[in-house]
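Hi,

Here is the structure I promised you. Please have a look, then read my notes below.

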Amino acid sequence: MRTTHAPEDRGPDTSETGLDLPELAPPRWNRHGADVAGASWFRIARRMPVLVGQAAALAWRSGPRDVVATALFNLGSGVSTAWALLATTSVLTELFAEVPTPDRVAAALPSLALLALALVLRGGCGALAGRAQARLVPKVVLAAERRLLRDATSVELRAFDDSDFHDHLFRSHTRGCDEAGALVRQTTDLLTSLVGIVAAAGVLTALHPALVPLLLLAMVPQWWGAAAAARMRYRMILAFTEGRRRKYMLQQLMTARESAAEVRSFTMERRLLAEFDRIARRELDIHLGLATRQSAVRLVGDTASGLVTAGVFAVLAVLLAQGVVPIAVAGAAVVAVRVAQGALSNALYAVAGVYESGLYFSDFTAFQDEARTRLPRPGLAPAPAGFERIELRDVTFGYPSGEGCALRDVNLTLHRGRTVALVGENGSGKSTLAKLLSGLYSPQRGSVCWDGTDLAGVDGVSLRERISVIAQDHTHWPLTARGNTVMSSTDCPERFARAAAAAQADSVVAAFRNGWETLLDKRFAHGVEPSGGQWQRLAAARSFYRGDDGDAVPLLIADEPTAAMDARAEHGFFTSVHRHAHRTGATVVLITHRLASVRMADHIVVLDRGRVVAEGSHTELMAGNSPYRELWELQAAAYRTPPVPQPRTP
Ligand SMILES: Nc1ncnc2c1ncn2[C@@H]1O[C@H](COP(=O)(O)OP(=O)(O)O)[C@@H](O)[C@H]1O
Ligand SMILES: [Mg+2]
């Protein structure tokens with residue numbers, strides 16, 4: 001591996017990192033790419049009602065009281081702004097009156113007091129509206145996060161084999177939830193500014209109607225600038241989602257405890273860093289280019305806006321010179337223009353903000369839509385409590401991301417209380433068959449039936465509650481040893497003790513300082529890390545324990561449950577499995593490469609490239625010239641062969 005050079009030394013050599021830059025182009029699921037590319041500020045304005053509506057609905061669901069408070073105090077703030085402007089005009093009129101100065105000041109005092117009161121009121125309303133908004137935003141974010149987690153956990157497992165789904169989930173997860181809060185915050189800001197504008201524009205209209213359109217005109221270039229900059233940024237982020245996901249994965253690999261040992265033993269440090277550098281550099285280049293282009297756009301917008309504002313004041317000067325407006329009105333108009341400009345400027349940032357947040361928020365809603373299409377069918381009947389026979393008829397299954405079928409035309413019958421072993425080479429489809437039997441996937445063709453009830457028509461959750469699984473790659477839950485065994489089942493001390501003893505997990509746990517209450521995660525204080533074999537015993541206890549009150553589940557599936565166990569533990573486990581099947585009447589599906597243990601099974605199914613190639617009892621399969629016999633003899637020979645004499649060293 002050529003990783004001795006700094007990554008800068010090499011060109012974009014994709015062969016080594018497997019990172020092809022075209023992969024970082026906008027991915028297939030980029031559904032709003034065209035929308036974003038073609039967005040003008042007219043389109044932005046047109047989207048506003050929908051976005052504001054979405055924000056209002058979100059806010060209302062999360063905190064209706066705070067929504068009401070926000071609306072009321074903003075209204076109060078607008079009214080006091082208009083009041084303050086009118087009081088300003090009165091003050092100026094009194095001050096410019098053609099009477100001696102002390103009289104003018106005295107005459108202006110009541111209006112000044114009113115002005116002060118209006119300003120205090122405006123400040124108070126603003127603060128209270130701000131408080132309501134600050135209470136609302138975290139509630140909205142929390143509601144969005146909860147919704148995302150609910151969707152992510154309720155979609156069918158199949159979704160997780162699909163990279164499109166991952167992209168949606170990633171974008172929704174990284175920004176979507178926060179942007180739901182930002183959308184509400186920006187929308188409130190927008191409404192606050194709009195109230196200010198309406199107040200100022202109303203007063204301005206009363207002073208001289210010609211000033212209002214001029215004022216609006218002054219803001220058009222700034223609007224364009226802010227919206228264009230936001231659009232550029234979004235386009236970049238959209239285009240780089242895939243790259244960022246990879247960067248995140250690399251970060252995880254380099255910092256996670258699980259991979260820390262292998263990163264070192266396979267000396268992957270440099271290679272991972274080189275890949276990280278390549279992606280990060282590309283991202284940085286895009287960011288830097290974007291910063292320059294955004295600044296240029298803003299500069300053009302601000303300059304144009306400044307020029308038009310100067311024009312507005314020039315028009316005001318002309319009106320004054322021609323005697324169309326008196327000096328007091330002109331003075332008040334300047335104040336009103338400044339107030340309206342401030343509010344309009346805030347409104348424009350808020351509009352750009354609403355638009356930008358709206359785009360990210362649409363990722364969130366897109367994920368919701370995506371998740372909705374992947375939910376299990378609602379209203380299905382609960383699964384039968386048990387079965388006499390499980391029948392697979394012409395079952396064909398392929399993974400969404402896989403090529404071809406992992407299982408093809410599988411016909412199989414499993415009987416209640418019997419132990420069935422699945423054997424076959426790596427990749428022959430054993431785990432896939434186990435996942436279909438456990439109700440995690442449904443076949444694309446054919447059916448899996450419990451006594452004539454097709455599982456495609458039953459509720460998946462209720463089905464999986466009746467099945468216990470030790471997955472090949474079972475999760476090491478960051479819970480206590482007890483939590484790792486009980487999982488979501490109800491507490492039953494008697495069943496717990498039996499399961500722990502049957503899986504020989506009690507002897508594992510006896511060595512822990514806090515027994516069953518020991519946390520099995522080394523990342524936390526007093527946490528311990530069981531060995532691979534110890535984890536498997538705990539996983540076995542978990543599967544024996546699964547059930548409802550006194551009853552164990554009718555189907556237990558164990559996918560290479562003993563691969564990491566020592567010989568004694570393994571023998572103990574298989575004996576326990578048979579005893580468990582006997583005692584509870586459960587059907588056991590066992591996947592293992594230890595044919596000595598397979599021999600104990602009532603029925604053996606041999607898989608090859610997704611097809612059942614032989615089945616029967618050990619004796620039956622050994623009688624013919626089956627692939628099972630071939631495998632068996634291979635393993636048996638390994639034990640029988642006398643040791644090869646070692647050459648002596650002189
Ligand atoms: N999640 C998955 N997505 C795509 N292909 C998969 C997935 N899991 C397994 N496969 C493929 O399905 C085939 C059968 O795999 P599996 O059932 O795990 O085999 P076994 O357990 O017999 O070793 C293999 O070709 C494997 O590459
Ligand atoms: Mg497997």
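In which helix does Arg 278 lie? Arg 278 belongs to helix H10, residues 269-321. Helices are DSSP runs of H or I with at least four residues, strands are E runs of at least two, and both are numbered from the N terminus.

First, the ground rules. This is a predicted model, in which local features need pLDDT of at least 70, side-chain atom pairs count only at pLDDT 80 or more, and totals for chains, interfaces and linings use all residues. Residues are numbered from 1 along each chain as its sequence is written, chains are lettered from A and ligands numbered from 1 in the order in which they are written, and side-chain values use heavy atoms, with hydrogens and water left out.

Back to Arg 278. Its relative accessible area is 9%, so it is buried (under 20%; exposed is over 50%, partly exposed in between; 1.4 Å probe, protein chains only). Its C-alpha atom is 9.5 Å from that of Lys 247, a residue 31 positions away along the chain.

Next, a helix pair. The axes of H4 (residues 64-95) and H5 (residues 101-154) come within 7 Å and cross at roughly 160°. Axes are lines fitted to C-alpha atoms over the stretch in contact, with angles from 0 to 180 degrees between N-to-C directions. H4 and H5 are therefore roughly antiparallel (over 145 degrees; under 35 is roughly parallel, 65 to 115 roughly perpendicular, the rest oblique). The residues of their contact are 23 nonpolar, 10 polar and six charged. Here Ala, Val, Leu, Ile, Met, Phe, Trp, Tyr, Cys and Pro count as nonpolar, Asp, Glu, Lys and Arg as charged, and the others, Gly among them, as polar.

Asp 409 is not a glycine, yet its phi is positive, about 45°. Asp 409 sits in strand S2 (residues 407-415). Its relative accessible area is 36%, so Asp 409 is partly exposed. Met 487 also has a positive phi, near 50°, and is a residue other than glycine. Met 487 is in the loop between helix H14 (481-486) and helix H15 (493-502). With 32% relative accessibility, Met 487 counts as partly exposed.

Best wishes
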